[in-house]
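Take a look at the model below.

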Amino acid sequence: MELDVVQADELVEKLPSVIVENILRELSKNDAWQKVANKFKDKGENIMSDRYKMNNSSPERELLNNLMNKYPLKVKTLQFILEQCQIYDALRIINTNDPAQILEPVKDTLYLVPLGGNLTLHVKVNGSPFPEIQWYFKGSPLVGKTSPVLVLENISIRDIGEYTCKIKQGLRSELTSPKCIVNVKGTPPRISTELSDVHIKEKEDLTLSFEAIGYPEPKCFRWFKNGNNIVVTEIPQLRIQGADVNNAGEYCCEASNPFGSCTTRTAVVKVQEAIMMCPAEIQIIEQPTANRVYYADDWMYLTCKVRCSKDVKFVCFLNNKVLTGNDNVLTTSSSVNQHSCLLIYRLTEEQMEKENLKQLCFKFEIDGQVMSDDVRVEVKTRAIKKPLTARNKWALLIGNSHYQELDPLPGSRKDIHIVKKNFKELGFRVCMFSDLNRSAIQNGVKKLASFIQEGDYVTFFYAGHGIHNNGKDYIIPVDARMKYVSRPQNVCLEEQYISFDECISHVWITNVLQKHEPALIFSIYDSCRKMKQKFERYQSNSSEDSFQIASKNSFTLFATSENYEAFERKSVDISVLVDTLQNVMTHKISVQNLSSKVLEKFDSLGETEGEQVPKVCGDLALPRSLADPSHPRGIDESECGVLKKWEQFASGRGRIQHTISLGDVRIEESIYWNIEAPKDGVTWIISNCLPLTINLSQTTTSKMQGMNVLVKLQTGIELLQVSKKLNGSLSIQFLVHHLQDLKDHLHVELYFTYEGQHYKQEMLVETPAISQQFYRGNQID
């Protein structure tokens, strides 16, 4: 029903009686009039008296009369009082025909709240009659949430999402507020329900469980028995079927997520052994068994178990000869009436050939009374050696093109993109960065080293300026400064040089990558090695210029020999080395042969006329190839494993979508960004360049006229902008460089001009994870 329109400056006492009666009716509901009385009382004014009881009238009418008697009570004053007291149903009876507006919030807002915390969301609206309010969560209405204030208590994962508020005023169109985006802060886990002590009987199932909360939800639970790690589970429960006395002990569990870990109390597990009569004579309850075929250099495990009421002594025979402590590891254990003996035996290939062994026969003697069954094993040698494999494969590619004070190298950036494709095809996870300063190069090497484990393959590729001095090679960061040579006479010569203090030694890089003992470190330096003069005052830093570990795992390919330059092919803008290397890089040949093929091609080409001759060196003992397959271990792929950490490091992708209206035009806008799209769920390439795409599409109910669009992208380092005309749809692409230097979010502004109207839309793109986790201007220890 349409309400009668009244004037804001009109006196309440002049209002039609039906409006006044309706207001009084709403004030009487749930004693809403007391809110007004208390509001005035808080300010020191007693607006109510007990006269309404004496006059036998209603308190709400007495309240309204007192307000009108206190001062000329205008409609707008009454509206203000009702709004302050949050009596919205009474406020909606008054209609001054003011269109509804949403005053706050003015833009999408992100709220980060800890698990279990509270959050209050507000929407500020105006208009008369006061509009109807409804809160929505993920597009669905929240039942009963019709107040401008929405209180979220004890926030859990279920509360994460987008909240909006819709208002409607009579027959006018519905308005929707900007989004209130609620997310949970990352928090380390904590134990909410502790482990309990357990006392069970033998052969019963043993179950230990507890509860842990955190965000993200912990998925890695490392169980310990008597201080030793025994198993890792994905749920906070350990179950052992048919437990025996060997399962008794002290248990605890460590729960972890990317933000930390916590440990339960120590629970005591007791297992009561089944009571049974045990004979004094020896009874074998488990005969030793083994595979019929046994290969030299394999480990063999034989177990014999007996039941006896007294202690027994085990002796093991091999081919009817007593095995001594020098030939094997023999351990025994006893538990009440059960006794066991474990033999751990290894026959080397050398021993096998020396003793001409073709067959092994094992047996156990217990106390000189009882003999076990014979265990006969055929002995073989492995005709085929195991193929070489990597645990995981990593590559760090650095291409420095734009130097602050040195000549640019346009081919360097293109070189690393060419090499990247080959490494991706070879199954390497690649960090590819361009134009790094000294600190960023050091951080890049240290970050890659944080993923390296024993048995990994690691490749380091550098394209850019470099120098050589006294048998040592150095790479030059983009922020290296030119200096002048000074003489004692204080004469400044024109010749310039780069200080070694601003360069990075290739030996230091190898030392950092070597710490976790990878199976292969293959380094490729595509840079000049020529020096124009000696550095008279340079003093070597022994920690950076001396190899600290020699593991027979390193091989290096230099683009050129000492005191020579490296060249680019101008016609294709890539280096001669990369152009030669890319054709043989994916062949299944050892890195030694790969480097030899590069040397052969250089010799046959002859295009550098002897001015560039690649050089190789290294101590790699095995013929390892970049094409060797990788076989990650189970722990690498676990929730806290190194491959999961790589995916977390690579999580720099996302999308933002908005819909705006300008006149009769409706515009759908979306922003997509992705460091590099993953393949089969695996991110192979991490780069410090971010492709960002902005898509716009418009629809209109009238004849489409076209619209001017100006897009500005502020990275904090530079301002990128594009101006185009929107006719139907439009796609604009930006390439954001130097992610490691970003200090804040990417700021996108869109300016639309249509039929003389102007509209501005602002959006924030969360800073990609690589800038949050990697650089931030600080060195990684």
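The chain holds 15 helices and 52 strands. Keep in mind that this is a predicted model. The chain has 781 residues, and buried residues make up 45% of them. Consider the contacts between residues at least 6 apart in sequence. Of these, 69% join residues at least 24 apart.

Start with helix α4, which covers residues 59–70.

Which residues of α4 are buried? They are Pro 59, Glu 60, Glu 62, Leu 63, Leu 64, Asn 66, Leu 67 and Met 68. An α-helix has 3.6 residues a turn, so residues three or four places apart point the same way.

Now move to helix α9 (residues 438–449) and helix α10 (residues 506–514). Their axes come within 8 Å and cross at roughly 25°. Angles under 35 degrees count as roughly parallel, so α9 is roughly parallel to α10. The crossing of α9 and α10 is right-handed.

Which residues make this contact? From α9 come Gln 442, Val 445, Lys 446, Leu 448 and Ala 449. They meet Trp 508, Ile 509, Val 512 and Leu 513 in α10. The residues of this contact divide into seven nonpolar, one polar and one charged.

**Two serines**

Finally, turn to two serines, Ser 590 and Ser 256. Where does each one sit? Ser 590 is in the loop between α12 (576–581) and α13 (591–605). Ser 256 is in strand β18, which covers residues 249–257.

Are they buried or exposed? The cut-off for buried is under 20% relative accessible area. Ser 590 has 9% relative accessibility, so Ser 590 counts as buried. Ser 256 has 11%, so Ser 256 counts as buried too.

The table lists what each serine touches, not counting residues up to four places away in sequence.

| Serine | Relative accessibility | Residues touched |
|---|---|---|
| Ser 590 | 9% | Pro 623, Arg 624 and Ser 625 |
| Ser 256 | 11% | Pro 189, Pro 218, Lys 219, Cys 220, Ser 261 and Cys 640 |

Key. Residues are numbered from 1 along each chain as its sequence is written. This is a predicted model: local features need pLDDT of at least 70, side-chain atom pairs count only at pLDDT 80 or more; totals for chains, interfaces and linings use all residues. Side-chain values use heavy atoms; hydrogens and water are left out. Helices (H or I, at least four residues) and strands (E, at least two) are DSSP runs, numbered from the N terminus. The expected span of a helix is 1.5 Å times one less than its number of residues. Buried means under 20% relative accessible area, exposed over 50%, partly exposed in between (1.4 Å probe, protein chains only). Axes are lines fitted to C-alpha atoms, for helices over the stretch in contact, and angles run from 0 to 180 degrees between N-to-C directions. Angles under 35 degrees count as roughly parallel, over 145 as roughly antiparallel, 65 to 115 as roughly perpendicular and the rest as oblique. A crossing is left-handed if the near helix is turned anticlockwise from the far one by less than a right angle, and right-handed if clockwise. Contact means heavy atoms within 4.5 Å. Ala, Val, Leu, Ile, Met, Phe, Trp, Tyr, Cys and Pro count as nonpolar, Asp, Glu, Lys and Arg as charged, and the others, Gly among them, as polar.
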